Amino acid sequence: MHRADRLAAILDELTQKGSVDVKRTALTLEVSQATLRRDLRALDEQGLLSRTHGGAVAGDIGLELPLRYREAHHHPQKRRIGKAAAALVTDGTVVGMTAGTTVTEVARALVHISDVTVVTNALNIATELVLRPSLRVVVAGGTARHASYALVGPAADTAIDGLHLDMSFVGVDGLTVAEGASGHDEVEAHTDRSFLLRARRTVVVADSSKLGRVAFARICRT
């Protein structure tokens, strides 16, 4: 397992269990305890956890992993979802894109589409797409969230509210029949909802780990 995948797995265990045990986690990840301790030290130095005797406990990340660690999770599945979703986009379409690792894969798959306008509040998506001359990129400004690279809040909501979108791709942290789509942050969820309200068609893109989960803030009902 690559180090980036290992660090993501450690943080994922922290979000689910609140703590990590060196012996148990080293066995699960099939690495030595010395290697795992080095990983914990690196994450501790970044302020993402607090080391303890024999393991670590969750730091200030709450329930949400930083984007750079979430990208490694289910990446092949996200790439396939991204390609399938991008196939729904036709030339001349105005597309809204929220933040999220799976939505990022949709953006990366838009390589063969021309004359498309992408409206996004995700800094990483805007940075990647602005290099493609065949795409027009409109960025909805707002307050940046370090965990998702999303620009959120009243400024972003106002910018999106003034636009007409043919379709929006929305990333979620949880998706159930009863509670619909949900996210970890209530302000970001509100901005995500703006993309839904301004689009004629909305497509939720999520890998299997999001199914059956309910996150803190509701984005919309199904």
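## Helices and buried residues in a predicted model

R79 is found in helix α5 (residues 75–86). Helices here are DSSP runs of H or I with at least four residues, strands are runs of E with at least two, and both are numbered from the N terminus. This is a predicted model, in which local features need pLDDT of at least 70, side-chain atom pairs count only at pLDDT 80 or more, and totals for chains, interfaces and linings use all residues. Residues are numbered from 1 along each chain as its sequence is written, and side-chain values use heavy atoms, with hydrogens and water left out.

How exposed is R79? R79 counts as partly exposed because its relative accessibility is 42%. The cut-offs are these: buried is under 20% relative accessible area, exposed is over 50%, and partly exposed lies in between (1.4 Å probe, protein chains only). G100 lies in the loop between β4 (94–97) and α6. At 14% relative accessibility, G100 counts as buried. D39 belongs to helix α3. D39 is buried too, with a relative accessible area of 1%.

Two pairs can be compared by C-alpha separation.

| Pair | Distance along the chain | C-alpha separation |
|---|---|---|
| R79 and H53 | 26 residues | 39 Å |
| G100 and A147 | 47 residues | 10.0 Å |

**Helix α1 and its partners**

Start with α1 and α2. The axes of helix α1 (residues 3–17) and helix α2 (residues 22–29) come within 11 Å and cross at roughly 130°. Therefore α1 is oblique to α2. Axes are lines fitted to C-alpha atoms, for helices over the stretch in contact, and angles run from 0 to 180 degrees between N-to-C directions. Under 35 degrees counts as roughly parallel, over 145 as roughly antiparallel, 65 to 115 as roughly perpendicular, and the rest as oblique.

On the α1 side, the contact is made by R6, A9, I10, E13 and K17. On the α2 side, R24, T25 and L29 take part. Contact means heavy atoms within 4.5 Å. By class, this contact of α1 with α2 has three nonpolar, one polar and four charged residues. Nonpolar covers Ala, Val, Leu, Ile, Met, Phe, Trp, Tyr, Cys and Pro; charged covers Asp, Glu, Lys and Arg; the others, Gly among them, are polar.

Now α1 and α3. Helix α3 (residues 33–45) packs with α1 at an angle of about 75°, and their axes are 11 Å apart. So α1 is roughly perpendicular to α3. In α1, the residues R3, R6, L7, I10 and L11 meet T35, L36, R38, D39, L40, A42 and L43 in α3. By class, the contact of α1 with α3 has seven nonpolar, one polar and four charged residues. D39 touches R3, R6, L7 and I10, not counting residues up to four places away in sequence.

Helix α6 (residues 101–108) is mostly covered, with seven of its eight residues buried. Those buried residues are T101, T102, V103, T104, E105, V106 and A107.

Which residues of helix α8 (residues 154–161) are buried? They are A156, D157 and I160. They lie on the same side of α8 because they cover an arc of only 100° around the axis. That arc is taken from the directions from the helix axis to the C-beta atoms. What covers these buried residues includes β8 (151–152) and α9 (186–197). The face of α8 turned away from its buried side carries the exposed residues P154 and T158.
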